[in-house]
Structures are given as C-alpha cells and as structure tokens.
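Biologist: Could you walk me through how to read helix packing and cavities in a model like this one?

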Amino acid sequence: MNTQRTVPGATGPGGWPADTRTTLALNRMGTFDLDLDRDVMHLDDGALAVFDLRRDEYDGRPESLGSRVPQSESARMDTLVSQAIKDGRRRYGLYFRVRCRDGTLRWTHTQGHILRDPAGRARRLVGVVRDATDELAGAAGGGAPDTERHRESSVVEETTAALAHARSVRDVIDVLESARGMGRLGAVSLLMGLVEGNHIRQIAEGRTASLVPELEYTRIDADFPMSEVVRTMTPRFFVSRQEFAARYPRLWPHIAPLNASAAAYLPLIAQGRAIGAVGLLFRDKHTFPPHEETLLTALTSAIAQSLQRAMLYEQEMELAESLQRFMLPHTIPAVPGLRTEVSYRPARRGRDIGGDWYDVIPLPGGRVAAVIGDVQGHDTHAAAVMGQLRIVLRAYAAEGHTASTVLARASTFLHDLDTDRFATCLYAEADPSTGWLRLVRAGHLDPLLRGTDGRCRVLPVAGALPLGLPHLGAPDFPVTSVELAVGETLVMFTDGLVERPDADLDDGVRALVDAVGRGPDDLRKLADWLCELPNARAGVDDLALVLLRRDASPVPQLGRRLHHHVAPGDLRAVAGVRQMARAAVRSWNADACADALELVTHELTVNALRHTDGGAVVTFRLLDGADRRVRVEVEDTSTEAPELGRDEDIGLTGRGMLLVDRLADVWGVESRATGKSVWCEFVAPTRYGTPE
C-alpha cells in the first residue's frame with residue numbers, strides 16, 4: 001500500500017547536491033535516535049512519514065508509536081533489539097509492520113547502530129527506518145526481475161491467505177508442504193520445530209523424516225541450526241554445501257544425501273518470543289538476494305502467527321474435550337429389565353464443543369433416570385456449566401424427588417450460578433418392572449418411540465421452558481406418563497443429530513424417525529448406525545444419544561405398578577404425586593375413581609411427610625381380577641398407626657384419614673421392617689374398558 005505524503009524539501013528539483021533530508025525523503029526513509037537512559041526517541045520528518053504520523057501526533061515517547069505499531073510487532077522488535085544488545089552486537093536490522101491511519105498494514109525496515117559507553121553499556125540507538133512496501137511487493141530495486149519478484153510476492157500472499165484458514169498445527173504444515181507452499185519458492189524440503197520448554201520438537205521433516213530421527217527432540221542449547229536461530233531469534237542463510245558442512249558437521253551427513261546447495265533457517269517469532277523455527281533446503285541455488293531474505297522473513301512472520309493461533313486453538317479443544325471426558329459418565333449402570341446404550345460425538349469443526357451431555361442415574365426401588373441435555377454455547381464455559389448441571393441433576397434425582405422437582409431445582413441452581421447460559425433437557429424416569437415412564441421436557445426435542453415391529457414415531461411430551469430461567473417451580477415442568485411395552489425403545493437425542501444449517505429442523509427429525517425405523521434391531525448397532533448419519537459424520541455440532549429398551553420384567557408383578565419416592569419434608573413434590581395418580585388411572589381406563597384416588601393419595605402423602613422424619617414411597621397398582629381395582633400404598637418410616645378422626649373433628653387432626661375412610665372402597669395398615677404402609681383400594685369396573 002503506497003500512501004501519498006508531502007515531504008518537506010522534496011517538492012521540486014531543488015539545488016545540487018541534495019541535502020540529507022531530501023535524499024531520505026525521496027527514498028521514503030527517515031532517521032531515529034533513541035536515548036535508552038531517558039527513554040526518549042527523536043524522529044525526523046521522514047521517519048514520521050514512514051509511521052504515517054504528523055508532528056503534533058508524536059510526543060517523543062516510544063510508547064506513543066503504539067497506535068502505529070501492532071502490539072505483536074512491537075514485542076517482537078523489543079525482543080530482537082534486546083537480544084542484540086545482550087549479545088554485544090553493534091548493529092541490528094529487522095522488518096516489521098506499521099498500521100496506517102486508514103487501518104491498512106505495510107512492511108517497514110529498520111537498521112540501527114548501538115552506541116555504548118566505555119564500560120560497554122548500551123546508551124543510544126541511532127539508525128534509519130524506511131518503507132519496505134515496494135520491496136516486498138517486487139515493484140522496484142535490483143536483484144531478480146520484476147516478474148520474478150511479483151511471482152515470489154504472490155507466493156507469500158497466497159500462502160499467507162491459506163494459513164489464515166488453518167485451524168491446527170497439521171493444517172499449517174499441510175499448507176506449507178502443499179503446491180501453494182514453500183515448493184513454489186524453490187524449496188525441496190521443509191523442516192519445522194516447535195519450542196517445548198528447553199527443547200525443540202520437530203513436527204515437520206519433509207523428505208528427511210527417515211534420515212534425521214535423532215533430531216526429533218533436541219535441546220535449544222545444542223549446536224544445530226534450528227537451536228541457533230531460536231536462541232538468537234535471527235535467521236541464518238547458507239549458500240554453499242561447504243559452508244553448511246563446516247558449521248554443522250554433526251548434521252551435515254544427514255543433509256548431504258538431499259543434494260541441497262543452499263539452506264535458510266528462520267525463527268518463528270510470535271508476541272516477542274521464539275515459538276519455533278523453520279528450515280528450507282534448496283537445490284541449484286547459491287545466493288539469497290536481499291529481497292528474498294525479506295520475503296522469507298515476511299512469510300515466517302505469517303507462519304508464526306498462524307502456528308500460535310493453531311496451538312492456542314488445539315489447547316482449547318484439548319481442554320474442552322478433557323472437561324467433557326471427565327464430566328460425562330464413564331460407565332452406565334446395569335438395570336434389570338432395561339437395556340441402555342449411549343453415544344456421544346464431539347463436534348469436529350470450529351470450537352463447537354462443550355454443551356451436550358447425557359446421564360443414566362440409578363434410583364431407589366430398581367428405577368432409573370435417563371437424562372439428556374444441551375447447555376447453550378459451544379466452548380469451555382459451556383463444558384464447565386454442563387458438568388456442574390449434570391452433577392446437581394444426579395444429586396437431586398438420587399434424593400428421590402419427582403421428575404418435576406428435579407428439573408425445577410436444577411433450573412434454580414443454573415439461574416443462581418450467575419452465568420448467562422441456559423440449558424435444554426429431557427428427563428425420563430423409568431420403572432423397568434412395570435414399563436412406566438415419567439418424562440419432563442424443558443425446551444428440548446421430543447423423544448422418539450420405536451415399536452417392537454420396528455416402526456418409529458415422535459413421542460409427544462408436554463413442554464416447559466429451558467433450565468436457567470428465573471421463577472420456575474415444579475408446576476412449571478409438567479410430567480407426561482406413558483407405559484413402555486416389552487421390546488419398545490425410547491430414543492433421546494440432542495439437536496446435533498437432526499439440525500442442519502440448510503434444512504428445516506422438522507425435516508431433520510423426520511429423517512431421524514425414518515433412520516431409526518430402518519436401523520438394526522440390536523441396540524448397540526442401532527446407536528452406532530445413528531451416529532453414522534450424515535449430520536453426525538459432518539460433525540457440525542456435538543451430539544448425544546440415549547437409547548432405552550424394556551426387556552422382560554425382572555420379577556413377576558401382580559398386575560401393573562407405578563412406584564415413586566418422595567424426599568423427606570418435600571411437600572412441593574406432592575403435586576407431582578397427584579399428577580402421577582391421575583396419569584395412572586387414565587392409562588388404566590379407571591377414570592371413574594380418578595378424583596377420589598388423587599385426593600386420597602394427596603392426604604396419605606402429606607401425612608407421611610408431616611408426621612415422620614423420613615420420606616415416603618408411593619405405589620400405585622392395577623389389580624386385575626373378578627373385581628378390577630386400583631390400589632395405592634404410601635409407605636413411611638413410622639410404626640405409629642394413623643388416627644381416624646370423627647365427623648365433628650373434620651379440619652382437625654385425623655381429617656386426612658377420615659377422607660380416606662369415606663372415599664376408598666377398602667383401606668388398611670400393614671407393618672414393614674422400616675415402618676408401615678397405609679393402603680387403600682378403589683374398584684375400577686371392566687365396563688370402563690381394558691387397559692390401553
């Protein structure tokens with residue numbers, strides 16, 4: 001980029017001979033003088049023009065150039081100059097970029113002389129700074145013809161553009177070794193190493209991989225060219241085989257078979273420190289003109305920045321994957337009567353990783369809870385939130401709360417976590433002995449149900465808002481109760497399995513329904529089959545999958561049974577118990593006793609929670625026989641029998657049992673090893689139909 005500037009003394013032919021200011025200005029050069037003791041730097045008009053600054057925009061402090069010199073370039077310059085001073089050198093030279101006032105970047109070159117006092121201490125830096133834009137663009141100067149310079153400059157530009165898309169260190173190497181990379185500059189072999197502590201690990205060896213195995217991991221203080229350029233942060237150019245052999249006799253026997261006639265070793269500098277080095281070997285080459293050294297230096301700057309981005313990206317990906325591996329369950333519990341398979345695939349593109357999770361939680365009474373969800377976002381923050389949310393869901397479920405209460409408390413936890421993330425979730429509590437499922441859906445996709453004949457359909461589940469929103473209680477998470485027949489399969493999944501950028505979500509769900517119906521019957525093979533669908537293979541988003549299939553009941557049961565645990569003192573869970581009672585009689589076609597059963601269940605559960613220190617176990621049974629009945633049992637930890645009040649005592653102690661006595665067809669109390677069980681039965685005549 002060429003910026004038009006008006007330079008004093010350079011507007012006309014002028015006198016002869018030209019003064020120094022005019023000569024420097026016409027060549028787009030300027031001078032500087034840095035007093036190291038006072039940290040003051042003088043820039044003449046030519047130097048200010050190179051930095052695209054007006055005189056009133058510069059106050060003599062080096063840090064005032066921060067608006068023109070990017071931070072990464074400034075750090076690199078400081079490091080190189082400091083190293084030159086430390087090494088006792090008298091001169092230094094380097095290329096760096098300047099940001100113009102219009103935001104564009106251009107290359108600049110500086111050459112400095114280090115002035116020292118009699119004790120050898122550096123006191124001043126004096127030198128010149130010049131615009132190197134045309135030099136890098138191949139528009140002027142001696143050496144190679146303009147067409148050759150233009151070709152080389154194009155190589156740098158195209159390679160730099162390709163490196164901008166590199167996401168991993170392997171991507172960077174592939175770009176450099178491809179037809180767009182270093183081969184177009186005449187290099188026949190590429191070597192690259194990255195700094196790891198006090199060593200350099202070679203990550204690309206071109207055609208020398210089988211020739212230099214001992215150089216895979218070398219010390220920075222070793223006598224090798226990569227080690228030297230990393231230590232000094234200055235490039236080294238060799239223009240003859242003899243020169244290389246004399247300087248590095250240990251390395252030469254490995255390089256000689258490549259018939260290289262010249263070599264260039266350049267440091268990879270990012271944010272002022274050497275992160276590695278690159279080596280290029282050439283054939284039929286015996287010189288490196290200044291413009292080629294400049295081009296290679298410019299290219300290695302782009303390589304270093306691309307490598308640093310790639311390493312940071314890979315570190316973030318590794319951290320996110322490690323978080324997920326640690327936070328997701330390592331084993332799935334074996335539950336008699338229920339087969340379970342899970343699968344998880346992280347995203348393979350971008351930073352899309354971290355939000356999806358699954359869990360299978362053993363519950364009291366042989367029941368199990370299956371959970372699948374997705375935290376908003378695809379980064380390490382999402383992974384961290386996911387891990388915490390999975391833990392609290394497991395804790396609340398293990399306490400015996402209803403499905404509604406579990407999600408309500410998890411939602412409150414996520415809101416109180418003071419994060420800006422919310423989460424969708426599908427929670428399914430299963431009783432393998434009866435096949436009963438209680439499902440709660442918080443902003444998540446409906447599950448699928450595959451029948452014993454292989455047919456698949458969407459299973460509608462009452463919806464609720466996602467977790468993490470304020471003021472959500474158990475009533476805000478309605479429960480859907482269904483019965484899973486032996487051989488039927490519940491399919492729970494996250495949107496990574498169905499969502500595509502170029503298609504409607506409903507189309508993705510329909511495609512999944514079709515795939516589940518066509519998939520193998522074996523549950524493990526079915527999980528693998530679904531993870532090979534186009535969306536899963538594309539890896540655009542994480543995906544999690546949980547499959548539940550009911551096997552034969554582990555123990556014979558009398559009729560059908562629905563079982564639920566209520567935690568001690570959890571009166572808010574009573575609403576969920578009432579919902580479960582109504583769902584049970586509806587499913588068993590016993591609606592005639594629904595109101596009475598719901599009210600009696602409420603009273604017995606409240607009594608158990610208020611008058612004992614423990615929780616309650618509520619069980620509903622369908623007793624098939626000559627007189628078809630629905631039975632409810634509420635078990636608690638107290639051995640004291642309930643008190644039956646009188647009619648005139650209604651509203652006082654004993655009111656609950658009075659209602660039980662009036663509404664139930666029959667009731668009673670049974671002793672248990674840990675307390676008692678209060679039960680009652682309601683007749684459900686066959687005229688209401690057979691169970692669904």
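Modeller: We'll take helix pairs to begin with, then turn to the cavities.

Modeller: Some housekeeping: this is a predicted model, where local features need pLDDT of at least 70, side-chain atom pairs count only at pLDDT 80 or more, and totals for chains, interfaces and linings use all residues. Residues are numbered from 1 along each chain as its sequence is written, and side-chain values use heavy atoms, with hydrogens and water left out.

Biologist: Fine. What describes two packed helices?

Modeller: The angle between their axes and the distance between those axes. Axes here are lines fitted to C-alpha atoms, over the stretch in contact for helices, and angles run from 0 to 180 degrees between N-to-C directions. Helices are DSSP runs (H or I, at least four residues), as are strands (E, at least two), numbered from the N terminus. Take H16 (residues 574-587) and H17 (residues 594-610): their axes come within 9 Å and cross at roughly 150°. That makes H16 roughly antiparallel to H17, since angles over 145 degrees get that label, under 35 is roughly parallel, 65 to 115 roughly perpendicular and the rest oblique.

Biologist: Which hand does the crossing of H16 and H17 have, left or right?

Modeller: Right-handed. The rule: if the near helix is turned clockwise from the far one by less than a right angle, call it right-handed; if anticlockwise, left-handed.

Biologist: And which residues of H16 and H17 make the contact?

Modeller: Contact means heavy atoms within 4.5 Å. On H16 they include Val577, Ala581 and Val585, and on H17 Leu597, Thr601 and Leu609 are among them. By class, the contact has eight nonpolar, three polar and four charged residues. Nonpolar covers Ala, Val, Leu, Ile, Met, Phe, Trp, Tyr, Cys and Pro; charged covers Asp, Glu, Lys and Arg; the others, Gly among them, are polar.

Biologist: At what angle do H11 and H12 pack?

Modeller: H11 (residues 380-398) meets H12 (residues 403-416) at about 145°, with the axes 9 Å apart, and the crossing is right-handed. Val392 and Leu393 of H11 and Phe413 of H12 are among the contact residues, which divide into eleven nonpolar, one polar and one charged.

Biologist: Now, how many cavities of 30 Å³ or more are there?

Modeller: Four. On a 1 Å grid over the protein atoms alone, a cavity is a set of points where a 1.4 Å probe fits but cannot get out, and lining residues have an atom within 4 Å of a point. The largest has a volume of about 120 Å³, and its lining includes Leu191, Gln202, Phe224 and Tyr265. That lining has nine nonpolar, two polar and no charged residues.

Notes: 1 Å grid on protein atoms, 1.4 Å probe; cavity = no way out; pocket = protein on both sides within 12 Å on 5 of 7 lines; lining within 4 Å. Points joined across faces, edges and corners; volume = space filled by probe spheres on them.
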